[in-house]
Amino acid sequence: ALSSAASDVYKRQYLYILLPVLFCFLTACSPYSNLKQTQIIDSGKYYRIYKENNNQVRYEIYNPEGKIALSEKTDRPIEINTIGGDIIDIGIGMGTGITIHKYYNANENTFSEEFTNVLTNSDKLIAYIEVSKENPLENRKVVVQNIFDKSLFYKEFKLNFSNVDTPVIEAEFSKDGASLLLTYLSGEKQTQTSEILDLTV
């Protein structure tokens, strides 16, 4: 009887040792615990977006070798898209309808400057509205330029935009990149106008 009581004690002591070890393995001490804390909410060939423990997300941009080219955290809405295969469009929402876009060319391993008021883009060109800080609704221009190097292509267009925050309804580059089709509200009467902007030099 003694021996079975003793063996019960041993079993209990063994359990007391085993349970913390098991608990440790299943939680913080486990190398897999981070998977629970940082779940992947979006991914592509050259990027991943992770949800962190708090309200932040962390995004990583990779070069073709799989090395991290950029790693940042943000608590703002983020959307990452791939354009034309090897260009990554990183869009971070700044509130009140404003999104800041930055682009990464995986083949060249280069980042663009930051753009706001982006209308559309192709794998080479970007179209955006240039807004003056002093008079946001006046003297606005449509700028079309090369995403990564404005010395390769840069052109401005002055249009008769209506006095509204977002005058452009639709914007699309032609397939050959030689023109930009814009549909926008023009003049005081906010007349819907369509225009083809010539991008040939």
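This is a predicted model: local features need pLDDT of at least 70, side-chain atom pairs count only at pLDDT 80 or more; totals for chains, interfaces and linings use all residues.
Strands here are DSSP runs of E, at least two residues long, numbered from the N terminus. With that in hand, let's start.

Begin with Asp89. Asp89 sits in strand β6, which covers residues 87-93. What is the nearest side chain of opposite charge to Asp89? The answer is Lys102, and Lys102 is 11 Å away. A salt bridge needs a side-chain nitrogen within 4 Å of a carboxyl oxygen. Asp89 has no salt bridge, yet Asp89 is buried. Its side chain does make a polar contact, at 2.8 Å, with the side chain of His101. Leave out residues up to four places away in sequence, and Asp89 touches Glu79, Ile80, Asn81, Ile83, His101, Lys102, Tyr103 and Asn121.

Next, the charged pairs. In general, side chains of opposite charge can pair when their charged atoms come close. The model has five salt bridges. Take Glu52. Glu52 counts as buried because its relative accessible area is 13%, and buried means under 20%. Arg58 is buried too. The side chains of Arg58 and Glu52 form a salt bridge, 3.2 Å from N to O. Lys73 also bridges to Glu52, with the closest N and O atoms 3.3 Å apart. That pair links distant parts of the chain. Lys73 is in strand β4, Glu52 is in the loop between β2 (47-51) and β3 (57-62), and 21 residues separate them.

Another bridge joins Lys141 and Glu156, where the closest N and O atoms are 3.4 Å apart. Lys141 is in strand β11 (residues 141-146) and Glu156 is in strand β12 (residues 154-158), so this pair ties together parts 15 residues apart in sequence. Lys141 is partly exposed, at 21% relative accessible area. Glu156 is partly exposed as well, at 38%.

Is Thr74 buried or exposed? Thr74 counts as buried, because its relative accessibility is 10%. The Thr74 side chain reaches the backbone nitrogen of Arg76 at 3.0 Å. Set aside neighbours within four places in sequence, and Thr74 contacts Gln56, Val57, Tyr59 and Ile92.

Most residues other than glycine have a negative phi. Asn109 is not a glycine, but its phi is positive, about 55 degrees. Asn109 is placed in the loop between β7 and β8 (110-111). At 44% relative accessibility, Asn109 is partly exposed. Asn117 has a positive phi of about 55 degrees, and again is not a glycine. Its place is the loop between β8 and β9. Asn117 is partly exposed, at 34% relative accessibility.

Asn117 brings us to the last topic, the largest pocket. That pocket holds about 650 Å³ of space. It is lined by 23 residues, and the closest to its centre are Gly97, Ile98, Asn117, Asp165 and Thr166. Which elements give two or more residues to the lining? Those are β7 (99-105), β9 (118-121) and β13 (168-173). The largest share comes from β13, with four residues.

To wrap up, keep two points. Asp89 is buried without a salt bridge, and its side chain meets that of His101 in a polar contact.

Methods. Residues are numbered from 1 along each chain as its sequence is written. Side-chain values use heavy atoms; hydrogens and water are left out. Buried means under 20% relative accessible area, exposed over 50%, partly exposed in between (1.4 Å probe, protein chains only). A polar contact is a pair of N or O atoms within 3.5 Å; within protein, one must be able to donate a hydrogen and the other to accept it, and residues adjacent in sequence count only if both atoms are side-chain atoms. Contact means heavy atoms within 4.5 Å. Lys and Arg count as positive and Asp and Glu as negative; His and the chain ends are not counted. On a 1 Å grid over the protein atoms alone, a cavity is a set of points where a 1.4 Å probe fits but cannot get out, and a pocket is an open set with protein on both sides within 12 Å along at least five of seven lines; lining residues have an atom within 4 Å of a point. Grid points are joined across faces, edges and corners, and a volume is the space filled by probe spheres set on the points.
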